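Here is a page from my notebook, written for anyone meeting this structure for the first time.

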Protein chains: 2
Amino acid sequence: MTPQSALIIGSVAIDRVATPFAQSDRILGGAASYAAIAASYFAPTRLVAIVGADFPAPYLRRLKKHRIDLAGLQVDPAGKTFYWSGKYHEHFAGRDTLEIQLNVFEKFSPTLPAAYRDTPYVMLGAIQPALQNHVIDQFAGRHPFILADTFDLWIHQTRPELERMLRRIDLFVINEDESLLLTGARDLVVAARQLRKMGPRIVVIKKGGHGSVLFHPDGMFAIPAYPVEKFIDPTGAGDSYAGAIIGYLASRNRADFPTLKKAVAYATAVSSLTVESFSVNRLSTAGRATIDRRYRQLQALTRF
Amino acid sequence: MTPQSALIIGSVAIDRVATPFAQSDRILGGAASYAAIAASYFAPTRLVAIVGADFPAPYLRRLKKHRIDLAGLQVDPAGKTFYWSGKYHEHFAGRDTLEIQLNVFEKFSPTLPAAYRDTPYVMLGAIQPALQNHVIDQFAGRHPFILADTFDLWIHQTRPELERMLRRIDLFVINEDESLLLTGARDLVVAARQLRKMGPRIVVIKKGGHGSVLFHPDGMFAIPAYPVEKFIDPTGAGDSYAGAIIGYLASRNRADFPTLKKAVAYATAVSSLTVESFSVNRLSTAGRATIDRRYRQLQALTRF
C-alpha cells in the first residue's frame with residue numbers, strides 16, 4: 001500500500017450560524033473547508049475552491065496548519081467570499097437559509113492545476129452538477145476514485161446533469177431525505193439499490209444523529225452515530241464525514257469493502273468532532289489521537 | 001445457567017390499523033400479545049392480561065401455539081376486549097389514535113396467580129403506573145428482574161406513580177421522544193443518565209427505524225435497526241423488542257453487560273419481523289431459525 005493524495009473540490013465560505021441555543025458569525029464554513037481539514041488527518045490533501053479578497057488571513061492559516069495544498073485555491077482580488085447565513089429549527093429538525101451571497105462563488109469554475117490531475121482520490125462537494133462534470137472532464141484518460149455529494153436544490157433544478165455525474169463516479173454520499181427524494185423510494189435499502197443502478201457502485205446514506213449505512217457490491221454496513229454529549233452545531237458534519245472517507249481511502253490506496261467499512265467508521269468519529277463546536281474549531285484542534293480513540297470506542301460500542 | 005421463565009403483564013387487544021399503504025381490522029394486538037410471543041422464542045412465558053367474551057378463539061390458539069402459559073389471562077364473560085384503532089401518518093412519522101374502547105381493560109387489575117409469583121424475569125408493559133406498582137407489590141419479599149415500559153400519557157398524567165415505579169425496576173425500555181419528554185434532556189445520552197438516576201440501573205432507548213442504545217453500568221451499546229425491505233406496520237415493534245429482551249435474559253438467567261448486549265441484538269432481530277406484517281403474523285410464524293439468522297446478519301452488518 002502506497003499512501004496517496006486526496007483532492008477536494010467545493011465551497012469555502014464565511015458563515016453565520018444560529019442554533020436554538022447559540023449563534024456565531026463570520027466563521028469559516030463551506031463544504032470544502034470541512035472536508036479538506038477532515039481528509040488532511042489521513043492523507044496529503046489538495047483543495048480547489050475560490051475565495052474573495054476579504055477572506056480572513058487566520059482562516060488561510062488554519063487550512064495551512066493542516067498542510068493542505070492551496071495551489072488550487074483561487075483568490076479573486078475583486079470579489080467577496082461566498083457568504084451563507086442559516087438558522088436551525090428546534091431540536092435541529094431542519095434549518096432555514098436566511099441569506100446567501102454567492103459573491104465570487106457565482107463565477108467559480110473549478111480548474112485543476114496541472115499538478116492535481118493525477119490525484120487518485122477525489123471528492124466533489126455538493127456544487128452544481130455541471131461544475132462536478134466539468135471537474136471530471138479534466139481527468140481525461142485518467143480514472144481517479146471519485147466521491148460526490150449533492151443536495152436537494154440540484155435534485156430539483158438540474159437533474160439531467162446530476163444523473164450524468166452519477167454515471168461517472170464511484171461513491172455517492174447522500175443524506176437519507178435526499179436519497180428518498182432522488183429515487184422516490186420509501187426506504188433506505190430500496191433507495192440505495194436504485195442509486196447504485198444510476199451509476200455509483202458504492203453508496204453511503206447519512207442519517208445525521210442516527211448514523212449511516214454503507215452499500216458496497218460486497219455487502220452492507222451500518223454504524224450508529226458516535227454518542228456526542230455536547231452537541232453544538234451540525235453544520236459541516238456531512239462534509240467532514242465525506243472528507244474523512246476520501247482521505248482514509250487515499251491513505252490506504254484501496255476501496256474494497258473492509259477498507260470502506262473502516263473509512264465510514266473513521267468518518268463517523270471525525271464528524272462527531274465537527275458537531276462539538278461552531279465552524280471547524282473542534283475538528284481542527286482535536287488531533288488524530290482523539291479520532292483514533294473515538295474509532296476504537298465505536299468498535300467497543302457496537303460489538304456484541 | 002438454568003433457563004428461567006418470563007412473565008409478561010400488559011394489554012391484549014383487538015386492533016384496527018391503517019398505514020399510508022394498507023389497513024387491517026379486528027387483528028390481534030396489545031403490547032402483551034406481541035411481547036409474550038417474542039419472549040416465547042427464548043423462554044417459557046407466562047401472561048397476565050384480560051380479554052372479553054368476544055376474544056376470537058383463533059387468537060387464543062395463536063398464543064397457545066407458542067406454549068404461552070395462559071393461567072393469568074382473565075376472561076371476562078360480561079365484557080368486550082380492549083379495542084384500539086390507529087392511523088399512521090405519511091412516512092410513518094407518528095400516528096393518531098382514532099378510537100379507543102377500553103371495555104374490560106377499564107377494570108383490569110393485574111393479579112398474579114400464586115404460581116407466577118416466583119417468576120424471576122418480569123416485563124411490565126406500558127399499562128398505568130399504578131397497576132405496574134400493584135404488580136410489583138405482589139412479589140413481596142422476592143426480587144425478580146423487572147423490565148418496564150411506559151408511554152407519554154402516563155408521563156403527563158401520573159408522573160408521581162411513574163417515578164415510584166421507576167425506583168422499583170431494573171431495566172427501563174423507552175422511546176427516544178418519551179425519554180426526552182420525561183427528563184427534559186436535549187439528547188439521548190443525557191436523558192439516559194438522568195433516567196438511571198431516577199431508579200433503573202439499566203436503560204434502553206429505542207429509536208424506531210434508527211435502532212436502539214443500551215446504557216448499562218458497565219458501558220454503552222448501540223445497534224442499528226435490521227434493514228427491513230418490506231416495511232408494513234410498526235405496531236407492536238417496541239413491545240416485541242422488550243419481550244425478546246426479557247425472554248432472552250430469562251433464558252440465560254443473567255443480566256450482565258455482555259448478556260444484555262446480546263438480548264438487545266436479539267430484540268432488534270425479533271422486532272424486524274414484527275414490522276413485516278400486520279399484527280403478530282410474521283412474528284409468530286417466522287420461527288427461531290429466522291431470528292438466529294437475522295442476529296448473525298446484524299453481527300456481520302455492524303462489525304468493522
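**Entry: a bridge across the chains.** I began with A:Glu229, which forms a salt bridge with B:Arg193, their closest N and O atoms being 2.7 Å apart. For me a salt bridge is a side-chain nitrogen of Lys or Arg within 4 Å of a carboxyl oxygen of Asp or Glu. I counted two salt bridges between chain A and chain B.

**Entry: ground rules.** I am reading a predicted model, where local features need pLDDT of at least 70, side-chain atom pairs count only at pLDDT 80 or more, and totals for chains, interfaces and linings use all residues. Residues are numbered from 1 along each chain as its sequence is written, chains are lettered from A and ligands numbered from 1 in the order in which they are written, and side-chain values use heavy atoms, with hydrogens and water left out.

**Entry: the contact between the chains.** I found 28 residues from chain A and 28 residues from chain B in the contact (heavy atoms within 4.5 Å). Together the two chains bury about 2700 Å², 58% of it on carbon and sulfur atoms. Buried area here is the accessible area (1.4 Å probe) that two parts lose on being put together, summed over both.

**Entry: salt bridges overall.** Over all chains, I get 24 salt bridges. One of them joins A:Arg168 and A:Asp137, at 2.7 Å from N to O. A:Arg168 sits in the loop between helix 5 (159–166) and strand 10 (171–175) of chain A and A:Asp137 in helix 3 (residues 129–137) of chain A, so the pair ties together parts 31 residues apart in sequence. I took helices (H or I, at least four residues) and strands (E, at least two) as DSSP runs, numbered from the N terminus.

I call a residue buried under 20% relative accessible area, exposed over 50% and partly exposed in between (1.4 Å probe, protein chains only).

**Entry: another pair in chain A.** I also noted A:Asp292 and A:Arg288, whose side chains meet in a salt bridge of 2.9 Å, N to O. The two are four residues apart in helix 11 of chain A, so about one helical turn separates them. A:Arg288 is partly exposed, at 32%.

**Last entry: a network.** Salt bridges with shared partners link A:Asp137, A:Arg164 and A:Arg168 into one network.
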